[in-house]
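Welcome! Here is a friendly walk through a structure that may be new to you. Take a look at it first, and then read on.

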Amino acid sequence: MTKDSDYISKRKFMEELGRYRKGSITRRHFLNVTGLGAATAVMGAAMPGLRPSPAFAEGNIGDRVIIATWPNYHDPSNFEAFTEATGAHVQVNVFGSNEEMLAKLQAGATGWDVYVPTNYTISTYVDEGLIEPLDTSKLSNYDASAFDARYAEAGSVDGTLYAVPKNWGSTGMAVNTAQNGGKPISSWKEFFDISRDKFSGRSMVHDYQLTTIGSALNYFGYSFNSVDEAELADAEKLLIDVKPHLFAITSDYQPSMRNGDAWLTICWSGDGKQLNTDMPEIHYVLGAEGGEIWSDYYAIPKGAPHTDAAYALINFLMDPTVNTKEVLAHGYPTADAKTFALLPDELKNDPILFPAQELLSPLEFGAAATLTDPNRAELMARFKSA
Amino acid sequence: MTKRTRNWLLLAPAGTWFLVMLIIPLSVVLIFSFGERAPAGGVVPAFTFEQYANLPARWAAFKNTMTLAPIGTLSALLIAYPLAYFLAVKVDPKWRTILLVLVIVPFWTSILIRSYAWIFLLGGRGIPALLGWFGIEGVRLINTPFAVLIGIIYGYLPLMVFPIFVSLDKLDKRLLEASSDLGAKPWRTFLQITLPLSIPGIATGCMLVFILLMGEYLIPAMLGGGKVFFVGNALVDLFLQSRNWAYGSAVAVTLVFVMLITVTIYMRLINRLGANRDDVSIM
């Protein structure tokens, strides 16, 4: 690997770009090798246009904007800065699952201006007519070329842009190694086996069909996204067998991991990062069999009451300086090269945020069919009421 | 204006309320319950009993609700009665208002926040840690039916205390004097005078708590850790996560039906208890 300041030939650059596009190297490696990371960092600081500015103040966008998003997913001071710059107050609605968000939108009249759908839901939103195509002329901070295609492509359906990428992450497990003789867990097989044995009463799974059923499918070596009836039946059997040994079925697993009531949980990488920072004995690991890689977006629902404010807010949050503060607050990796360049080195080199390529490659993006499959939905409901 | 028209006009506000708030929503739920789940979730109209045939898959939720709701109601009654009796009969009137306010004070804070407090108290660093000090190790409280029961009793206690307090407060103290003048021991006065006269309060309190408990959702979700499942939780999951509105409606209709039957039987029993007294009315 070359040093940031080293010269890189045109041909070498194109070669690296090609490898990066194919996904055979990581973003971190690419930016370091090509020196782009350092370059954008310098540019970001030097160009006033990349700093947050009260540019929105000139147009009247109304007095409020309502965003539906996930817990612990933003830096509140960014919202305050937005209100200061535009006069529009940000009202935050927090959700636990994409299913819940979809259900609210299907029921109609949510009053949201901005929402944060996950990659696999966007085509469903388009099919159901619940999402507004985006007018990029109103998003001056959005530069499509700065985004890693792998984490941005689900935002477009049939060539129309519906959503711009917020950040991405993986779904693995967090384990308190102090309770396991210093050993982390390394596979979903181990996760469910130890949950029924040594960790009985100490493990948690998400209150979320995608990840909980997905991990149970991974246990058998099946696809995370499987909707095959026989495979789902195996997963159900496993989950119902494990249920009496579980500490909880919840997506809010940080409190019990922190106070020591629980030792093991299915975990999103940002939560894993937050837990690991505060308690180094808690490790975040990806399952050897696979698991989920995902990407979240900003989008505007059809019929949003304050469209101008919605565009202004999304544009504001996409500003690399603002987005850097977001990343520092939520701990999920960004897909935006400009923001990445501004991140401190220890985050860029963090193995939880940016895992090695060989760990990332078995992971799967969730599929639209996984979200809408009635059998998966019913399986989760049966598991919970069993 | 004829008397007839006037009567109809006077009935109109209540009638409209009844129609808009009760008849129409319930009819929608009933219609949905014969439908089918739309491919991406929601409901498509149909006429099928499939959703009702699927009800046994939610048996555990019904079982939990039908056990914990009556146990919770009874436990709340056993705690609330002595408290209400103390407030209404024993306590010095000048303290009474303050004590009554203290019973209400918890209601000023959201049940959500109070349940978080219980999560801490019942969690590993709360009561179990305290028990550990006394040498009782390894007690698990949080995410158990016991934790849910504690949450229920705590959350609904004021609803039980007040109706009982009111009925005891209205009690004609001269009856108690008469009873003792006629030579009755205190326990006999209590059983033959006080208790029967407070039956309306008990009936109202139990009814309030029981009906609300049947639809409870928050406490099992928070203190049961997703493992102690009530019908309320099943409904939320069916509508918001599975997005199977048809099945959700069928479960809701069944819950209303079960509730109607239980409450009717209960009213009959209470009425029979008070049948030989013309001064006892229910609710």
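## Before we start

Helix axes here are lines fitted to C-alpha atoms, over the stretch in contact, and angles run from 0 to 180 degrees between N-to-C directions. Helices (H or I, at least four residues) and strands (E, at least two) are DSSP runs, numbered from the N terminus.

This is a predicted model, in which local features need pLDDT of at least 70 and side-chain atom pairs count only at pLDDT 80 or more, while totals for chains, interfaces and linings use all residues. Residues are numbered from 1 along each chain as its sequence is written, chains are lettered from A and ligands numbered from 1 in the order in which they are written, and side-chain values use heavy atoms, with hydrogens and water left out.

## A crossing in chain A

Let us begin with helix α9 (residues 209–219) and helix α19 (residues 374–385) of chain A, whose axes come within 10 Å and cross at roughly 90 degrees. The two helices α9(A) and α19(A) are therefore roughly perpendicular (65 to 115 degrees; under 35 is roughly parallel, over 145 roughly antiparallel and the rest oblique). Contact (heavy atoms within 4.5 Å) involves residues including L210(A), I213(A) and L217(A) from α9(A), with R376(A), L379(A), M380(A) and F383(A) from α19(A).

## Chain B at a glance

Chain B has 13 helices and 0 strands. Its C-alpha atoms fill a box of roughly 80 × 75 × 30 Å along the principal axes.

Helix α1 of chain B (residues 3–32) has 30 residues and reaches 41 Å from its first C-alpha to its last, close to the 44 Å expected (1.5 Å times one less than its number of residues). A kink of about 45 degrees lies at A12(B) in α1(B), shortly before the proline P13(B); this bend is the angle between axes fitted to the seven residues ending there and the seven starting there.

For chain B, an unreviewed UniProt entry gives "transmembrane region" for several stretches, among them residues 7–34 and 99–121. Such annotations may be inferred rather than shown by experiment. In the model, residues 7–34 of chain B are 93% helix, with end C-alpha atoms 38 Å apart. Residues 99–121 of chain B are 74% helix, and their end C-alpha atoms lie 24 Å apart.

UniProt also lists "domain: ABC transmembrane type-1" for residues 62–268 of chain B, again in an unreviewed entry. That span is 79% helix and 0% strand.

## Two partners of α7 in chain B

Which helix comes within 7 Å of α7 (residues 145–169) of chain B, axis to axis? One is helix α10 (residues 199–214) of chain B, crossing at roughly 155 degrees. α7(B) and α10(B) are therefore roughly antiparallel to each other. Residues in contact include Y156(B) and P163(B) of α7(B), and G201(B) and L208(B) of α10(B).

Helix α4 (residues 93–104) of chain B also packs with α7(B), at about 155 degrees with axes 10 Å apart. These two, α4(B) and α7(B), are therefore roughly antiparallel as well. R96(B) and L100(B) are among the α4(B) residues that meet α7(B), where F162(B) and D169(B) are among the residues involved.
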